[in-house]
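Please examine the sequence and the structure shown here before reading the briefing.

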Amino acid sequence: MISVLLLFAPVIAALFVPFLANRLRGIHTGWFVLAVPVLLFIYYLGFLPQVKDGGVHIGELAWIPSYGITLTSYIDGLSLLFSLLITGIGSLVVLYSIFYLDKEKERLGNFYVYLLMFMTAMLGVVQSDNMIALYGFWELTSISSFLLIGYWYTRDKSRFGALKSMLITVFGGLMMLGGFVLLYIMGGTFSVRELVSMAPELAEHSLFTWALVLLLLGAFTKSAQFPFYIWLPDAMEAPTPVSAYLHSATMVKAGLYLVARFTPIFAASEIWVWLVTSIGVLTLFWGSFFAVKQTDLKGILAFSTVSQLGLIMSLLGAAAAAFHVDGAAETMFKYAGFAAIFHLVNHAAFKGSLFMIAGIVDHETGTRDIRKLGGLMALMPVTFTIALVGSLSMAGLPPFGGFLSKELFLTGMLSLGELDLFAPASWGTVLLVVAWIASVFTFIYSFYFVLRTFTGKHKPDLLPKSAHEAPAGMLVSPAVLGLIVVAIFFVPNFIGDWIVKPAVAAVQPFMYNSPADVDVHVAAWHGHVTPELMMTIGIVIAGLVLYWLLPKWQGLYRAFPEYLTLNKFYDSSMYFAESGMNRLSRSYMDGQIRSYLIYMFSGIVIIVLGSMIAKDAFQVSFEGTAPIGPAEVGLLLVLVASVVTTLVARKRLTAIIALGAAGYVVALLFVTFKAPDLALTQLVIETVSVALYLLAFYHLPKMSRHDEKRKFRVGNALIAAAVGLMMALLAMSSASQKALPSISQYYKDTVYSEAGGGNIVNVILVDYRGFDTLFEIAVLSIAAIGILGLIRLRLTRKGDSGEKQ
Amino acid sequence: MKNSDVIIQTTTKVVFFIIFLFAIHIFFAGHYTPGGGFVGGLLTASALVLLLLAFDIRTVKKALPFNYTVIIGIGLILALGTASASILFDVPFFTHAYDYFKLPLFGETSLHSAMLFDLGVYLVVVGATMNIILSIGSDD
């Protein structure tokens, strides 16, 4: 339970941030905030020994017990790895932001509140065992990311980027919710670990594939996979600490977490394996290819992140493929899962440091445009060193962590080449080749990033500021991450044993019972030449040659037509959605009551006649009808004559009088049908209303008092005829089939004995059903006061009260 | 201005009371014979309209200085009060009570709380109708 409450520690701390930001202006608010992730990091480190041996920690707090929704803190290898990433890199990012954001010029209160909100959301995502709670935290990451991207909200581009990322990730989040609901329908529980335990039954279910696709949509949008990656480059408008934290190390990995967490459930499906792998490889290639096109430092890093996320995604797909291999733990299929997690850690470290480097360069030179930068090596030696470490790790060179994960990645891809399940065997080979080409491009953009920025000729006249080394405090965080990158190379098995293996055991429970079973030993040199090593050498050679020839072929990117890009597609689909919706609503909302009445009447006719036809409700019987006397026939003839006169009258006055005639005929009908109260009331009311019509007629403006005949419209006539026909059919059918006898006998029997009256109508009005009368007189009062208000209060313009002036 | 309408004005002075008495009759007779608060109210209003036709608005207002908006309020309160009085006697809302009493002048008479409710209806109808007609009539 403590661990559940600690999920909310950052948000609770956020409550005090505005106070600290406003009152203690002398001290940078970040120093107070720093304590939160650091303490949480230490707390989560405490779980390491327990989790290393395959243990799990479960904390539960009931939220909506009647629906089985709990807030859970489920700490196994996978969620512990993520929790450590979130709090660890969170601490470094907060430290970095203290030096990056100016305490006088920036609204620090907002920044740290959003950041702490994000931290809670992310911890909640990775530790929630309950899918509904997971979804709640998931959307909170979208919201806090939206707020952070739009942090400099006075810039158009920030708002555009924030909106774009919000639309895409929330779309995915909603799809994911759909997947969760389907899983609940299939399994009857919201708990992920219970669903894992019933995975074989779920795979048989007819909704299984739907749940799979919906869930993957959520994961792909969040993790910026093809074709949903387009929000990530635009999210680079956020402050750099945010880009480093959210858009490289943590939030974009939420989708990877989701795929890893649900792999035990969905690995049984071939669709899952091939979808995750193929989309991953496609994203890997696409991102690395387009990263070389970018001229903005953060743009390169954004595409690089997209590419690396694709890499991890494809490895997760390969890890799921291991489910289909007999004795996978003994073959090379065992490497994919390990490689995915291992590279995830690696990527978080080097990409976090590279973003911070990009931020430092921006901060110290005033620009991130790679065309203006160059020759900073001598001016910013420390920054250059860290950038070099990060870039070479990203390129996959020794002696950095990236080398090891690249080797493992190639092993994982080689294993796919051997896989001949479900698809033609050559498909795995295609993926391997594409992945290799993508690695070449990764090599190129890594060199492009670091060499174009730090080597070459210094161009001081192009820079807004004169470049110099960053303050020490700003360099601490990237330096720490750089050291980790190097450390991973030298002691990979230490990290492997403590962090990666427990996570792999959580992702692939179908292969391993405990982390100790994960039989992967990472080594920089295997003692003999492996195919992976040959491929790496090939990557280096091809990468160096292509980088050297870069000016020759970079023009290729300009040949790629702009209108075929996904951004263009997104923009135009947004534009068409908006203008199309506008056009759609304008096409029928034309502001004319006549049109709306036509919609309503035709709607009524269609619904009533349609349901009558569907239910076969037409029935006409004249059984039990009263005989028709000459008086009624005469009155009806007069009624029809006056109605026709009203319709065809050339002058309005004629129509009013004909209408009055119809009203009096109705009163006479009441007389013949023995309803004296109704007849009395109808007579008086008809007189009053005819007088009011005449009043309205008298006050018609002179200009429009045209006496011409109304135009005949076929559509109107058809709809009027249809409504009349419908009502006649409805009335006849309902009169012909009365289900129950009338209640009126009761009134007749009790009107004197119970109510002490003789006039049934009046007794019903004031006694049996006086409630109706009470509100009818209220209606009358409202009408009277309304007319009084309409006439007395003539508000011609706003603030212009009445006629008395 | 309407001083020349001698015949109308003189006739009105007589006919007004006939209509008014008929309206009162219709109102009281409502529980046993056709009529009731609604028609009674409308007829009363029409008697007042006759006055308005024969004389002008200012004269009628001087002779019958009622604020018809207040009358609407009184009618609504009376109707709602009658309906909710039943709560005091621990019976459901809108339960009416009636009994037979020997009144001085009228002899054996049935008194029914529904009559009070009907009186509310009557007052609202008179007030509303007169309000509408007066506000439209005095508008230029």
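The structure is a predicted model, in which local features need pLDDT of at least 70 and side-chain atom pairs count only at pLDDT 80 or more, while totals for chains, interfaces and linings use all residues. Residues are numbered from 1 along each chain as its sequence is written, chains are lettered from A and ligands numbered from 1 in the order in which they are written, and side-chain values use heavy atoms, with hydrogens and water left out.

**Domains of chain A**

- Chain A is divided into domain 1 (1-265), domain 2 (267-556) and domain 3 (741-796); these bounds come from an automatic or database domain assignment.
- The C-alpha centres of domain 1 and domain 2 of chain A are 23 Å apart.
- In the contact between these two domains, 52 residues of domain 1 of chain A meet 54 residues of domain 2 of chain A, where contact means heavy atoms within 4.5 Å.
- Domain 1 and domain 2 of chain A bury about 4,700 Å² between them, and carbon and sulfur atoms give 80% of this area. Buried area is the accessible area (1.4 Å probe) that two parts lose on being put together, summed over both.
- Of the area that domain 1 of chain A buries against domain 2 of chain A, A:K52, A:Y96 and A:F226 supply 14%, more than any other three residues.

**A hairpin in chain A**

- Strands β1 (residues 57-64) and β2 of chain A run antiparallel and are joined by seven bridges. Strands are DSSP runs of E with at least two residues, and helices are DSSP runs of H or I with at least four, numbered from the N terminus; two strands pair if DSSP finds at least two bridges between them.
- The two strands β1(A) and β2(A) form a hairpin with four residues between them, and A:G68 in the turn has a positive phi of about 70°.
- A:I64 stands opposite A:I69 in β2(A).
- In strand β2 (residues 69-75) of chain A, seven of the seven residues are buried. Buried means under 20% relative accessible area, exposed over 50%, and partly exposed in between (1.4 Å probe, protein chains only).
- From β2(A), A:I69, A:L71, A:S73 and A:I75 point one way, whereas A:T70, A:T72 and A:Y74 point the other way.

**A residue in helix α20 of chain A**

- A:L451 lies in helix α20 (residues 425-454) of chain A.
- A:L451 counts as partly exposed because its relative accessibility is 22%.

**Chain B**

- Chain B has five helices and two strands, which run α-α-α-α-β-β-α from the N terminus on.
- Of the 140 residues in chain B, 41% are buried.
- In an unreviewed UniProt entry, the annotation "transmembrane region" covers residues 12-32, 38-57, 69-94 and 114-134 of chain B; UniProt positions are given in the numbering used here, feature names are shortened, and annotations may be inferred rather than shown by experiment.
- Residues 114-134 of chain B are 100% helix and 0% strand, with the end C-alpha atoms 30 Å apart.

**Chain A against chain B**

- The contact takes 35 residues from chain A and 34 residues from chain B.
- Chain A and chain B bury about 3,100 Å² between them, with 72% of it on carbon and sulfur atoms.
- On the chain A side, A:V766, A:L774 and A:I777 lose the most area to chain B, together 17% of what that side buries.
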